[in-house]
Amino acid sequence: MLYEKFMETWNTQDIAGYFSCLHDDYQMIFHSTGKTLRLEDFDTDQLARWMISTKRESARCLYENEDILVEHRISTYSDGERSATMLVHLKKDGLLWRTETGVTPLPPKE
């Protein structure tokens with residue numbers, strides 16, 4: 001399954017491995033802003049900083065088949081903010097092709 005490989009790349013800060021999970025036509029659509037981020041728009045330095053500074057809790061694959069991957073996680077960011085994130089990834093040629101996210105802010109952990 002692609003989910004395990006994708007999570008391992010994040011957990012080990014493997015930038016090349018992360019990009020190897022993404023289709024050449026990859027797009028990420030942000031629910032909150034409607035903004036679309038294309039593969040060529042990714043800033044590898046910023047991605048590396050996110051990988052290092054974001055703590056993931058309760059990350060899990062809800063469903064995966066050859067067409068779709070649905071995941072949920074709780075993230076704590078370096079500034080202390082927390083959020084629950086649902087990600088729905090459409091797959092193409094066995095890779096992540098199009099991702100849409102929905103984020104719910106959470107109260108700080110006590």
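User: Where in the structure is Arg82 placed?
Analyst: Arg82 sits in strand E5, residues 82–92. Strands are DSSP runs of E with at least two residues, helices are runs of H or I with at least four, and both are numbered from the N terminus. This is a predicted model: local features need pLDDT of at least 70, side-chain atom pairs need pLDDT 80 or more, and totals for chains, interfaces and linings use all residues. Residues are numbered from 1 along each chain as its sequence is written, and side-chain values use heavy atoms, with hydrogens and water left out.

User: Why does Arg82 count as buried?
Analyst: Its relative accessibility is 13%. Buried means under 20% relative accessible area, exposed over 50%, and partly exposed in between, with a 1.4 Å probe and protein chains only. Arg82 at 13% therefore counts as buried.

User: What does the side chain of Arg82 reach?
Analyst: It reaches the backbone oxygen of Pro107, at 2.9 Å. A polar contact is a pair of N or O atoms within 3.5 Å; within protein, one must be able to donate a hydrogen and the other to accept it, and residues adjacent in sequence count only if both atoms are side-chain atoms. Pro107 is also among the residues in contact with Arg82, as are Glu57, Tyr77 and Lys109, once neighbours within four places in sequence are set aside. Contact means heavy atoms within 4.5 Å.

User: Why is Glu71 called buried?
Analyst: Its relative accessible area is 0%, so Glu71 is buried. Glu71 belongs to strand E4, residues 68–76.

User: What makes the pair of Glu71 and Arg73 a salt bridge?
Analyst: Their side chains meet at 2.7 Å, N to O. A salt bridge needs a side-chain nitrogen of Lys or Arg within 4 Å of a carboxyl oxygen of Asp or Glu. The 2.7 Å of Glu71 and Arg73 meets that cut-off, so the name applies. Glu71 and Arg73 are both buried.

User: What else does Glu71 meet?
Analyst: A polar contact of 2.7 Å joins its side chain to that of His89. Its contacts beyond four places in sequence include Tyr3, Phe6, Met7, Arg60 and Thr85. Ala59 is 12 residues from Glu71 in sequence and 7.4 Å away in space, C-alpha to C-alpha.

User: How many salt bridges does a search of the whole structure find?
Analyst: It finds 4. One of them pairs Lys92 with Asp25, with the closest N and O atoms 3.7 Å apart. Lys92 lies in strand E5 and Asp25 in strand E1, so the pair ties together parts that are 67 residues apart in sequence.

User: Why is Lys92 called partly exposed?
Analyst: Lys92 has a relative accessible area of 32%, so it is partly exposed. Asp25 counts as partly exposed too, at 41%.

User: Which residue does Glu64 meet in a salt bridge?
Analyst: Glu64 meets Lys91, at 2.8 Å from N to O. The pair links distant parts of the chain: Glu64 is in strand E3 (residues 55–64), Lys91 is in strand E5, and they are 27 residues apart. Glu64 counts as buried at 14% relative accessibility. Lys91 is buried as well, at 14%.

User: What makes the aromatic pair of Trp10 and Tyr18 tilted?
Analyst: The rings are 6.2 Å apart, centre to centre, with 55° between the planes. Rings of Phe, Tyr and Trp (its six-membered ring) pair if their centres lie within 6.5 Å; planes under 30 degrees apart count as stacked, over 60 as edge-to-face, and the rest as tilted. The 6.2 Å makes Trp10 and Tyr18 a pair, and the 55° therefore makes it tilted. Trp10 is buried at 9% relative accessible area, and Tyr18 is buried at 6%.

User: Which other aromatic pair is tilted?
Analyst: Tyr26 and Phe42 form one, at 6.1 Å centre to centre and 50° between the planes. Tyr26 is in strand E1, and Phe42 is in the loop between strand E2 (36–38) and H3, 16 residues apart. Tyr26 is buried at 2%, and Phe42 is buried at 13%. The structure holds 5 aromatic pairs. Ring pairs link Phe6, Trp10, Tyr18, Phe19, Tyr26 and Phe42 into a cluster.
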